[in-house]
Amino acid sequence: MKKIAGLLALLLVLTGCAPAEKHQKDFFAMDTFFELTAYGEHAPEALEAAEALSMKLDAELSAVNPESTLYALNEAGGGPVDSDCAELLETALPLCESTGGAFDITLLRLSQAWGFSGGEERVPEVSEIAELLRYAGWEKVVYEDHTVTIPEGAGLDFGAIAKGYAGQKISELLASYGVESAMLSLGGNVQVLGKKPDGSLWNVGIADPSDEARIAGSVAAENAAVVTSGAYKRYFEQNGVRYHHILDPETGAPAESGLLSVTIIAENGALADALSTALFVMGEEKALDYWREHGGFETVLITEDGRVLATDGAAFTPAEDSDYSYSVVG
Ligand code: AMP
Ligand code: MG
C-alpha cells in the first residue's frame, strides 16, 4: 500500500509539475538580433507568429529602408497613417512634450548627417548641424484625423522607441496564443511575459557600459520591459574623440549628460524605450526629477564618474564584482 502511494506521489510530481518546454526563435530584424524564448505547448506557433510580426513592424517602421511605410511618409512630407505608425505617433508625441523635447522623433536628418541612420559616420560641420536643427522639432509635427504633416526639411525617426514597441506587441501576441512565460531580447532590450516557468521572477542583467561582457547588476521583473540606452551601444571615434548615437535635440550633437547608460523598467515597452533615450539626454538630475514627477516606471542610471543609482522600486541587485558605487534613490 505504501509503495503504491509513493508511486502515485511520484507520478503526480512528474505530470503535475513537469517543467514547461522551452522554445526559442532567433532572427535578425530592426537592425539587430531578436532572441525570443517562450515556454509551454503554445510556444512554437506563437513564436512563428512573433517572427512574422517582427518582420511586418520592421517593414513599416524603418526610417532607412526605402521600402518601408515610414520612409515613404518622410519622402512625401507626411500623409495618412494607420496601424502601427499611427499608434507610435500617438504614443511618441505626448512623450516628446512631457520630456521637454529630450525625446524628439524629428531628428532623422541629423542622425543621418552623423551617419547613425545610414550613410558614412562623420562629424558634420557646425553650420550643417545648425541648419538641420532649424528644420527639426517635434512641436512642428501636425497630427490630426490620422494624417501627419512632417516639418519641411525634417524626417521622422522611431529608432528610439520602435524596438520597445515591438517587444510590447510581441509580448501581447504571445499572450494571445496562451503563452504565460516568455523572455524577449531585442538587441539587448528585454521584455518579459509573466514569470519564469518555475514561478520565480525573471532576472534581467544590465550591461556594464565600460565592458559589455560584464554586467553592472540585474533587476528582478515580471510582465515588464527592461530597456537600456547607452553611449556604448553605437559610436565611432575620430581624432581620439568618441561620438555616440543619442543626440541632444538642443545641440544636434551626441548628448553629453554625464551618464553612461539609462535603464528603464516599465510595463509598457514603447514607454520604457522612449524614456531610456530621453533620460539619457536629460542627465542625472533632470532624469530623477522626471521620475519623481511622472512615475509609472523605475530606472537605473550609470554615471561617467562610476556610480549606479537605482530608484527604490527597481528591484536592482548590483553585481558582486562591480566596480561601481551603488545607491538607492527614493
Ligand atoms: P535608443 O537606443 O533607444 O536610445 O535610441 C537611439 C536611436 O534613436 C538613435 O540611433 C536615433 O535613431 C534616435 N535618436 C537619437 N537621439 C534621439 C533623441 N534625442 N530622441 C529621439 N530619438 C533619438
Ligand atoms: Mg530608446
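1. Buried means under 20% relative accessible area, exposed means over 50%, and partly exposed is in between, with a 1.4 Å probe and protein chains only. At 76% relative accessibility, asparagine 239 counts as exposed. This is a predicted model, in which local features need pLDDT of at least 70 and side-chain atom pairs count only at pLDDT 80 or more, while totals for chains, interfaces and linings use all residues. Residues are numbered from 1 along each chain as its sequence is written, chains are lettered from A and ligands numbered from 1 in the order in which they are written, and side-chain values use heavy atoms, with hydrogens and water left out.

2. Asparagine 239 is placed in the loop between strand S11 (235-238) and S12, where helices (H or I, at least four residues) and strands (E, at least two) are DSSP runs numbered from the N terminus. Its phi is near 45°, a positive value in a residue other than glycine. Aspartate 31, in the loop between S1 and strand S2 (32-39), also has a positive phi, near 65°, and is likewise not a glycine. Aspartate 31 is exposed, with a relative accessible area of 64%.

3. The magnesium ion (ligand 2) is coordinated at 2.1 to 2.5 Å by Ala160 (O), Asp273 (O), Asp273 (OD) and Thr277 (OG1); donors here are N, O and S atoms within 2.8 Å of the metal (3.2 Å for Na, K and Ca), and because water is not among the atoms, sites may look incomplete. The donor residues follow the spacing A-x112-D-x3-T in sequence. Since alanine 160 lies in the loop between strand S5 (147-149) and helix H7 (162-176), and threonine 277 in helix H8 (residues 269-282), the pair ties together parts that are 117 residues apart in sequence. Both alanine 160 and threonine 277 are buried.

4. Around ligand 1 there are 16 residues, of which Asp157, Ser229, Leu247, Asp273 and Thr277 come nearest; a residue is near a molecule or strand if one of its heavy atoms lies within 4 Å of it. An oxygen atom of ligand 1 is 2.6 Å from an N or O atom in the side chain of aspartate 157, and a polar side-chain atom of serine 229 also lies 2.6 Å from an oxygen atom of the ligand. For aspartate 104, a backbone N or O atom lies 3.0 Å from a nitrogen atom of ligand 1. Taken alone, ligand 1 exposes 500 Å², and the protein buries 91% of that, the areas coming from the Shrake-Rupley method with a 1.4 Å probe; for residues, only the protein chains shown count as cover. H8 gives the most to this shell, with three residues.

5. Isoleucine 246 sits in the loop between strand S12 (241-244) and strand S13 (247-248), and at 4% relative accessibility isoleucine 246 counts as buried. Leaving aside neighbours within four places in sequence, isoleucine 246 is in contact (heavy atoms within 4.5 Å) with Ser229, Gly230, Ala253, Pro254, Ala255, Thr277, Phe280 and Val281.

6. Lysine 25, in strand S1 (residues 22-29), counts as buried at 18% relative accessibility. Its side chain makes polar contacts with the side chains of glutamate 48 (3.4 Å) and glutamate 51 (3.2 Å). A polar contact is a pair of N or O atoms within 3.5 Å; within protein, one must be able to donate a hydrogen and the other to accept it, and residues adjacent in sequence count only if both atoms are side-chain atoms.
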